[in-house]
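Trainee: I have a model open and some labels to check. Can we go through what each one rests on?

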Amino acid sequence: KSPMSGTDRAKEIAVLEGDLEQLKSVFEGELLFPNTPEYEENRKCWNKDAAGYPSLIATVASEKDVATLVSFAAANNSNLCVASGRHSHMCLLDNSLVIDFSKFKKITVDKEAMTVVCQSGVKLGELDAEGHKHGVVVPAGHNTDTGVAGLTLGGGVGFLVRKHGLTIDNLLSVRIVLATGEIVVASGEENTDLFWGIRGGSGNFGVVTEFTYRCHSIPAQVMGGAKVYAINNLPLFSSFMASKFDILARARDYCNQAPNEVGAMFVMPAGGPIITAFCHCGTVEEGRAEFLNLNMPYTPIDTIKPVSYQMDIQKFAEGPKKDRQQSGFYFEKGLLFADLSDEALRVFENFTTTLAPRAGIEAVIAVIVLGGKMADVAPEATAFEHRGAKYWGLFMVQWWQPELREEAVQWCRKLYDTLKPFSQGNYAPVIGADEQNSGLVYTNNLARLVELKQKYDPNNLFRNNRNINPKA
């Protein structure tokens with residue numbers, strides 16, 4: 001049965017091969033087997049459509065536990081998954097052995113050295129909250145519920161990407177468990193080939209247990225918020241109300257010339273308003289002066305004001321009622337764009353108005369503005385090669401009734417296929433269910449990545465990700 005068969009998924013769970021008594025004798029954490037209350041609770045993840053029935057969920061208590069599990073999986077040809085933030089479609093597959101980092105959450109901030117060390121179970125909201133206590137920030141994503149591990153290994157984009165680059169551009173080192181069970185450090189000084197590969201190469205080369213980042217100071221308050229535009233397609237109102245296309249075009253044109261201190265996101269719920277969110281990471285005075293150049297139409301819903309970056313801007317994706325990241329049935333895809341042409345903007349407009357899915361399916365397009373410092377790094381300097389991308393489009397659908405799944409997924413795929421000719425590649429952390437193809441993620445760097453995979457994981461133990469085939 002497909003691990004993505006939703007509520008119809010088979011519940012016959014294979015018995016894990018190997019000496020389980022030996023594993024129990026050396027494992028320091030908690031081993032959760034099927035048919036126990038603890039197992040059912042820990043089988044939950046953000047995307048219910050991806051919540052499979054693993055043969056074992058192993059909640060690690062130490063780095064040694066991770067090495068033990070990797071060695072066990074390699075010896076017994078286990079289907080190995082890694083669950084950190086639990087947003088991946090591949091973290092809790094059927095009949096798998098899951099390395100669960102949910103209790104591996106230590107964060108250490110060194111304000112003097114301007115570094116942050118965190119374990120692989122940390123979520124973005126937890127990282128932001130700890131940084132807020134010290135007046136520092138690690139450039140990362142937009143969603144407080146996502147794990148730092150998957151986000152970092154895929155690249156890492158957020159409101160600070162234009163000022164400080166990708167998350168991987170602020171990564172100093174990792175501790176990683178290899179397929180052999182060996183624990184090594186990868187950095188600019190040690191295992192430099194591996195360090196190159198994990199910066200954008202997803203989880204293909206091992207299981208990272210700890211990340212060390214460079215952090216940055218940020219004012220206690222910055223200027224940020226959103227302008228929300230209700231859209232009315234009735235002819236009576238269209239003559240004096242801005243269209244989605246007009247709003248998007250103005251926001252795009254502003255961002256194309258904005259300074260690197262400005263981060264932005266455009267959110268388009270199907271059948272709903274258009275939300276343009278902006279943040280300036282300088283002082284309030286600098287941000288207020290810069291946003292005088294924000295040539296957007298008037299709207300009575302304008303929340304741009306002095307706010308905390310970590311505790312307000314970073315919670316934008318939670319929505320005004322803080323309910324937008326609840327667990328549910330989701331499907332998502334995405335594309336990177338060198339620019340947003342008028343034709344691409346028309347596609348966004350059409351798919352969220354006349355081509356919007358029917359009631360019972362909630363769909364949204366989010367566009368994150370890139371460029372700036374991210375583009376200063378050469379494409380071959382890290383495994384993440386799409387340095388020229390100026391926009392990332394994320395396309396997501398959610399449904400509540402199982403019979404609507406196929407229709408919801410097809411809407412998302414049709415949007416993706418329509419926009420693909422305008423794109424320049426894909427972003428590793430966003431993988432549609434059943435879709436591991438790395439072709440749009442790794443192109444010019446693929447040959448080097450395959451060589452690295454052959455060196456560190458020739459048997460493809462670490463395959464439940466944006467996979468690089470060692471036999472390619």
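Mentor: Start with burial: a residue counts as buried under 20% relative accessible area, and as exposed over 50%. Keep in mind that this is a predicted model. In helix α11, the buried residues are A344, L345, V347, F348, E349 and F351.

Trainee: What covers the buried residues of α11?

Mentor: The cover includes α9, β13 (262-269), β18, β19 and α12.

Trainee: Now α12. What makes T418 partly exposed?

Mentor: T418 is in α12 (residues 405-419). Its relative accessible area is 30%. Buried needs under 20% and exposed needs over 50%, so T418 falls in between.

Trainee: Which residues does T418 touch, beyond four places in sequence?

Mentor: V347 and F351. Both are among the buried residues of α11.

Trainee: How do you know that the side chain of T418 makes a polar contact with K414?

Mentor: The side chain of T418 reaches the backbone oxygen of K414 at 2.7 Å. The cut-off is 3.5 Å, so the distance qualifies.

Trainee: Why does T382 count as buried?

Mentor: T382 has 2% relative accessibility, and the limit is under 20%, so it is buried. T382 sits in the loop between β18 (361-369) and β19 (391-399). Beyond its neighbours within four places, its contacts are I168, W196, R199, R387 and N445.

Trainee: N77 and S202 are loop residues with positive phi. Is each one buried or exposed?

Mentor: N77 has phi near 55° and lies between α3 (63-76) and β3 (80-83). Its relative accessible area is 63%, over the 50% mark, so N77 is exposed. S202 has phi near 60° and lies between α7 (192-198) and β10 (207-214). Its relative accessible area is 15%, under 20%, so S202 is buried.

Conventions:
Residues numbered from 1 in each chain as written. Predicted model: local features only at pLDDT ≥ 70, side-chain atom pairs only at ≥ 80, totals over all residues. Heavy atoms only, no water. Helix = DSSP H or I, 4+ residues; strand = E, 2+ residues; numbered from the N terminus. Buried < 20%, exposed > 50% of the residue type's maximum accessible area, 1.4 Å probe, protein only. Contact = heavy atoms within 4.5 Å. Polar contact = N/O pair within 3.5 Å; in protein donor to acceptor, adjacent residues only side chain to side chain.
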